[in-house]
Amino acid sequence: MLTLGEIYSGESTAISVEIFPPKTPDGDQALFDTLDRLAVFQPDFVSCTYGAGGSTRDRTIELCREIQSRYRLAATAHLTCVGSTRDELVEWISRVQAAGIGNIMALRGDPPQGDETFTAVAGGLEHANQLVELIRGVSSDLGVGVAGYPEVHPEAADATRDLENLKRKVDAGADAVFTQLFYVNDSFLRFRDRCGASGITVPVVPGIMPVTEFSRIQRIATLCGAKIPGELSDRLEAVQDDRDAQLAVGVEYAVEQCRELIDAGVPGIHFYALNRSQACARILEALGWNTSSESSGEW
Ligand SMILES: Cc1cc2nc3c(=O)[nH]c(=O)nc-3n(C[C@H](O)[C@H](O)[C@H](O)COP(=O)(O)OP(=O)(O)OC[C@H]3O[C@@H](n4cnc5c(N)ncnc54)[C@H](O)[C@@H]3O)c2cc1C
């Protein structure tokens with residue numbers, strides 16, 4: 001299975017799909033239906049989140065292993081610093097390696113609901129750059145991804161400090177940056193330029209979350225500080241009571257976003273699929289992603 005460094009070393013635009021560990025057997029079924037549907041597009045990797053507070057510690061590894069064996073797709077296991085000591089994190093990283101998973105998305109994690117600031121557990125880590133260092137102390141072979149924020153992380157003092165902190169993660173050994181979701185391409189393109197100017201040379205991969213239901217996306221966007229442009233909210237408000245029409249608007253908008261980003265030479269697109277296939281499948285079809293290809297596709 002390829003590592004992140006290898007995936008982004010080629011010329012073609014890579015696609016990746018992010019899923020989360022379901023909490024119920026019905027949720028598992030829906031996830032595997034989704035993966036069945038999206039596997040035909042041969043994504044370059046599937047990443048699996050690490051639940052808030054470390055609640056999916058074991059499930060994240062199990063699902064990544066299952067994705068690799070069932071679909072022969074590379075997996076990336078997310079890991080956060082929340083609730084774990086340095087020793088527990090090292091143990092988890094070793095388990096990822098032993099499971100044959102080649103990549104980790106290294107994150108700090110969010111403060112618990114209701115808290116404004118993040119507090120590390122005794123013997124734990126404060127920031128994601130320390131987690132990247134810890135992973136690199138265990139292995140130089142693992143692919144390591146980190147999070148970047150085109151519209152600035154909500155806790156950051158300002159955009160300049162946020163970028164300096166991103167650079168710490170890259171300097172600690174990250175292979176690629178995956179951005180928070182955004183709906184304004186200019187935010188991403190300016191961020192990419194600022195990354196370049198600050199000496200970040202690893203791939204910066206845009207994160208796209210297609211709108212499937214306006215109210216749900218409004219909630220998510222508010223939490224992570226993503227701007228929803230008036231043009232998109234007007235189009236969605238006009239079809240508020242029609243779910244299919246909302247999905248159609250969301251897909252159309254995401255296709256426009258992806259086309260523009262691909263024309264701007266992005267190394268890949270990371271889709272926040274939310275365990276659903278419909279929107280991503282329609283977007284990939286509209287973009288002409290080759291479903292018959294056995295290997296990494298070409299746009
Ligand atoms: C691609 C992607 C995947 C994600 N997956 C998950 C997941 O699976 N599970 C989950 O719970 N959450 C996930 N998140 C959310 C993420 O945990 C939150 O956005 C979290 O608030 C910040 O994580 P981080 O890794 O960016 O933290 P950090 O890089 O540590 O940054 C957090 C804040 O601290 C500042 N900062 C960073 N380093 C330093 C430093 N050394 N000194 C001082 N300040 C610093 C930053 O500017 C920022 O404001 C994901 C986010 C993205 C974009």
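Let's start with helix 10, residues 243-263: its 21 residues stretch 30 Å from the first C-alpha to the last, close to the 30 Å expected at 1.5 Å a residue. That expected span is 1.5 Å times one less than the number of residues. Helices here are DSSP runs of H or I with at least four residues, strands are runs of E with at least two, and both are numbered from the N terminus.

Before going on, some ground rules. This is a predicted model, where local features need a pLDDT of at least 70 and side-chain atom pairs count only at pLDDT 80 or more, while totals for chains, interfaces and linings use all residues. Residues are numbered from 1 along each chain as its sequence is written, and side-chain values use heavy atoms, with hydrogens and water left out.

How confident is the predictor? pLDDT is its confidence in each residue, from 0 to 100. The chain averages 94, and 97% of the residues score at least 70. Residues 293-299 stay under 50, and for them the model has 16 contacts beyond four places in sequence. A contact means heavy atoms within 4.5 Å.

### Back to helix 10

Which residues of helix 10 are buried? The list is Ala245, Gln246, Leu247, Val249, Gly250, Val251, Tyr253, Ala254, Val255, Gln257, Cys258 and Leu261. Buried means under 20% relative accessible area, exposed means over 50%, and partly exposed is in between, using a 1.4 Å probe and protein chains only. An α-helix has 3.6 residues a turn, so residues three or four places apart point the same way.

The buried residues of helix 10 pack against helix 7 (185-197), strand 7 (204-208), helix 8 (214-224), helix 9 (230-237), strand 8 (268-272) and helix 11 (278-286). After helix 10 comes Gly265, with a positive phi near 80 degrees.

### Around the ligand

Now for the ligand. There are 24 residues around it, and Tyr50, Asp110, Tyr149, Asp162 and Lys169 come nearest. A residue counts as near if one of its heavy atoms lies within 4 Å.

| Residue | Protein atom | Ligand atom | Distance |
|---|---|---|---|
| Tyr50 | polar backbone atom | nitrogen | 2.8 Å |
| Ala156 | polar backbone atom | oxygen | 3.3 Å |
| Asn165 | polar side-chain atom | oxygen | 2.9 Å |

Taken alone, the ligand exposes 970 Å², and the protein buries 86% of that. Those areas come from the Shrake-Rupley method with a 1.4 Å probe; for residues, only the protein chains shown count as cover. Elements giving two or more residues to the shell around the ligand are strand 3 (74-80), helix 5 (128-138), helix 6 (159-171) and strand 6 (176-181). Helix 6 supplies the largest share, 4 residues.

Helix 5 has buried residues too: Ala128, Asn129, Leu131, Val132, Leu134 and Ile135. They pack against strand 3, helix 4 (86-98), strand 4 (103-107), strand 5 (143-148) and helix 6.

### A few single residues

His270 sits in strand 8 and is buried, with a relative accessible area of 0%. Its side chain makes a polar contact of 2.8 Å with the side chain of Ser16. Leaving aside neighbours within four places in sequence, His270 touches residues including Glu18, Phe45, Met105 and Phe178.

Thr49 is in the loop between strand 2 (45-48) and helix 3 (57-71). Is Thr49 buried or exposed? Thr49 counts as buried because its relative accessible area is 17%. Beyond four places in sequence, the contacts of Thr49 include Glu18, Phe20, Thr60 and His78.

Ile7 belongs to helix 1 (residues 4-7) and is buried at 8% relative accessible area. The C-alpha atoms of Ile7 and Pro267 are 9.5 Å apart, though 260 residues separate them along the chain.

Finally, two residues other than glycine have a positive phi. Gln42 has about 50 degrees and lies in the loop between helix 2 (25-39) and strand 2. Val152 has a phi near 70 degrees, is found in the loop between strand 5 and helix 6, and counts as partly exposed at 25% relative accessibility.

Conventions:
pLDDT = per-residue confidence, 0-100. Polar contact = N/O pair within 3.5 Å; in protein donor to acceptor, adjacent residues only side chain to side chain.
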